[in-house]
Amino acid sequence: MGTGAVVARPRPRLPGIVRLARGLAMPVGSVLFAFVAGGVIVFVTGANPLGAYQGLLCGGAGLACAQGENSALQISNSLVYAIPLVMCGVAVALPFRAGLFNIGAEGQLLAGTITATAIGVHFAAWPAVILLPVVLVGGAVAGALWAGIAGVLKATTGAHEVVTTIMLNYAAQWLLRFLIIGGPLQPPGEFSASAPIGGNARLPTFLPNDSSVIVFGLPATVYRVHTGLIIAVLAAAVFAILLWRTSLGYEIRALGQSQKAARYAGVSVRRTVIVTMLIAGAFAGLAGAAQIAGVDHQMTDKYFSDTTGFDAIAVALLGLGSAVGIVLAALLFGALHSGGAVMQSDAGISSNLVLVLQALILFSIAANFLGAILRQIPGLGRRPSAPAPTAPGAALVTEASTALPEEGEPAT
Amino acid sequence: MVRWVRVLGLVVVAVVFVAACGSTSSATNTTPKIKVGLVTDTGGLNDKSFNHLAALGLAKAASTGTICSVGGLQCSGGLSVQGDVVESKTGDEYVPNLTNFATKGYDLVIGNGFLMQPAIGTVAKEFPNVKFAIVDGYCSDANFNDLKLSNCMDLLFKEQESGALVGAIAGLLEKAKKAPKNTNVIGAVGGISIPPVNHYIAGYKWAAELEDPGVKVLVGYSNDFNATDKCKGVANSQIGQGAEFIFQVAGGCGLGALQAAGQAKVYSFGVDADQKDADASVIASALKKVDVAVYDAIQAVVKSSFQAGENRFSLQNDATGYQIDNPLSDGSQLPSDIKAAVDKLAADIKSGAQTPPADIPTT
């Protein structure tokens, strides 16, 4: 386990190439494992794995398209899916660093969508320079408050954040259902959708919103990739700076390494837990707001079955809790989401295979057998007692289980 | 070390497999004339009702194509049609899935489900040269207003007719004192309160009261189309209030209502497809032949008789109806006089002598 001394010490310096190899081994290995195992599954069910992965590659990255798909469109679709995953990935990864398991990114995202929609519909007449920031900030504040409930409970009563955030997911989902089915956000008529937000509340797309403009052979409006992409990248950058360049980030990391040691070092555990959850929720809420302002423009029944906040857990794990990793993992998951449909229409393989692949990636990370393999290889192997700052997947489980009993002790 | 060897073994096996099938890639054996793409809603192909039927209609029209391997359905020869299906796992995918078909030179793109209306409206507007068809709705804007596009065919059903036929069975069994407890209470479990659901329930209630004026009809909504436990809860609450017929109008969610009826030893009615196998309590199903509508839409494109706007499917073109399923609790079949009465009602509706309401009547 990490100690206070380890926390205070700068990150261990190793030759760059070895550090890179170590950092990439687990995520890349997990993805490779998933694809190989998925290929076997496809083959066993009597289909052609190469065809399946060709479809996936086409739909995800616009490469190797065999049946007339538009490559630019596929990339645009993948990016649209990746945008909320980046922000929700941060919302999961930040609490990870503090030893907290935020399962509630979905609920926080929904709180953000609800607030952003309500503002965007109600104040549709406001000019865009004011309305758009209000919509985004409103969504972030709502997400922060939603997550803050779990944070305050954790800090005061010791209620486990896994339980409270899961329950808050349900609360947000059913609140959303109520609001758009017979509730105040449903316009007259029998439709399970909110009214669309005003034009001034929308995030612009990168291409003109005019279907008469032809880009890469298609009307420009089919490319839905929007400026939320910039917000997502900024969110990842803010996350990295917060974590590594601020005293709060230091406190969060200290808390994650060892609560006791953090307390002795003068970190207020309660305050840090609450603040961490507030910030995390803000990222998820921002994701929801950007989704409404950028793509959907209204709340519909699709949010009943939305899984972005849950996929974000996988993204955060696969990204090893680092900003760059989260962006890359979100791009991968966005590509998988987009590619699944093309795989089904081109190769005739159920797009549910994508869900299998996602599960296998997670499984592979959780099982951490690649770490076990690496230890067998001389040179790459590391001492078992060494701290694992780049492997939150393994570290978190132990942190989460040890954090709970300590919670009963008085915090400073 | 053992794990390492195992993983290596797995990799080797997989590589061999991949290499082996690279050589056996299937070749397309015909040159299809018409390409049709079907996008399901989030219920998926295996919903035993709505999406399954749409895929069935496509498979019927298709002589080749991947549909044969996707839905596990048999394709038969006939039209020179290539049919491809994509399941939408989330509502996020409606627009990309529809757009993909439209960009790939498909002649007809079919969206399945009321909730896909704004998505198909958006895409159909962007691709005026591609034909679209939407089951249960219109190509609409975000407020669900019909855009009245010249490349969009609306495939709508008179669900109230099918609802009326199973409602009549419930009313007649109550009147004949052949219901499980003869409480004179029946129930309907809807998904979300949207027109296609309410049409069914309206007909159900209307016909039950027509046949048995003293009957009490409970109507509840699960606010969900996928999660079975939610419909189970609504059905159980109705059963608790004495309901002894449960009509599910909630897609995949409604399978839970059928199970609840089976566990409580009351009768239930399936919806859209013949749901006899979903539960032993299903004594009849209200049919909505989405397969007929999808097949007709494809035929219209094949025969160049595509007509934009409303296409209403009903008893007139044999696209609604009912199906008698499992026997009653004492093992007997539905009494022949009751079946005759239901068939008479069907004939009356078809001839226009009786008209079930489209909106749920207030008592």
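**Terms and values in a predicted complex**

Analyst: In this predicted model, 11 residues of domain 1 of chain B are in contact with 13 residues of domain 2 of chain B, where contact requires C-beta atoms, placed from the backbone, to lie within 7 Å. The side of domain 1 of chain B that touches domain 2 of chain B receives the most from α2(B), with 3 residues. That side divides into 4 nonpolar, 4 polar and 3 charged residues; Ala, Val, Leu, Ile, Met, Phe, Trp, Tyr, Cys and Pro count as nonpolar, Asp, Glu, Lys and Arg as charged, and the others, Gly among them, as polar.

User: What are the two domains into which chain B is divided?

Analyst: They are domain 1 (34–157) and domain 2 (159–288 + 321–351), with bounds that come from an automatic or database domain assignment. Taken over C-alpha atoms, the centres of domain 1 and domain 2 of chain B are separated by 29 Å.

User: On which conventions do the numbering and the model rest?

Analyst: Residues are numbered from 1 along each chain as its sequence is written, while chains are lettered from A and ligands numbered from 1 in the order in which they are written. As the model is predicted, local features need pLDDT of at least 70 and side-chain atom pairs count only at pLDDT 80 or more, whereas totals for chains, interfaces and linings use all residues.

User: Why is Asn184(B) called partly exposed?

Analyst: A residue is buried if 20 or more other C-beta atoms, placed from the backbone, lie within 10 Å of its own, exposed if 12 or fewer, and partly exposed in between. Asn184(B) has 16 C-beta neighbours inside 10 Å and therefore counts as partly exposed. Asn184(B) lies in the loop between α6 (159–175) and β6 (185–190) of chain B, and its phi is near 65 degrees, a positive value in a residue other than glycine.

User: Why does Asp318(B) count as exposed?

Analyst: Asp318(B) has 12 other C-beta atoms within 10 Å, so it is exposed. Asp318(B) is found in the loop between β11 and β12 (320–324) of chain B and has a positive phi of about 60 degrees although it is not a glycine. Most residues other than glycine have a negative phi.

User: What makes β2 and β11 of chain B edge strands?

Analyst: The open sheet of 6 strands has the order β2-β1-β3-β4-β5-β11 in chain B, with parallel pairing. Its edge strands are β2 (81–86) and β11 (309–313) of chain B, each of which pairs on one side only. Strands (E, at least two residues) and helices (H or I, at least four) are DSSP runs, numbered from the N terminus.

User: How do you know that β3 and β4 of chain B pair?

Analyst: Two strands pair if DSSP finds at least two bridges between them. Strand β3 (residues 108–112) of chain B is joined to strand β4 (residues 131–135) of chain B by 5 bridges, and the two run parallel. Helix α5 (residues 117–126) of chain B packs on the sheet, touching β3, β4 and β5 (152–157) of chain B, and its direction makes about 175 degrees with that of β4(B). Such angles run from 0 to 180 degrees between N-to-C directions, with axes fitted to C-alpha atoms, for helices over the stretch in contact.

User: What confidence does the predictor give chain B?

Analyst: With pLDDT being the predictor's confidence in each residue, from 0 to 100, chain B has a mean of 85, and 86% of its residues reach 70 or more. Over residues 15–32 of chain B, pLDDT stays under 50.

Notes: Contact = placed C-beta atoms within 7 Å.
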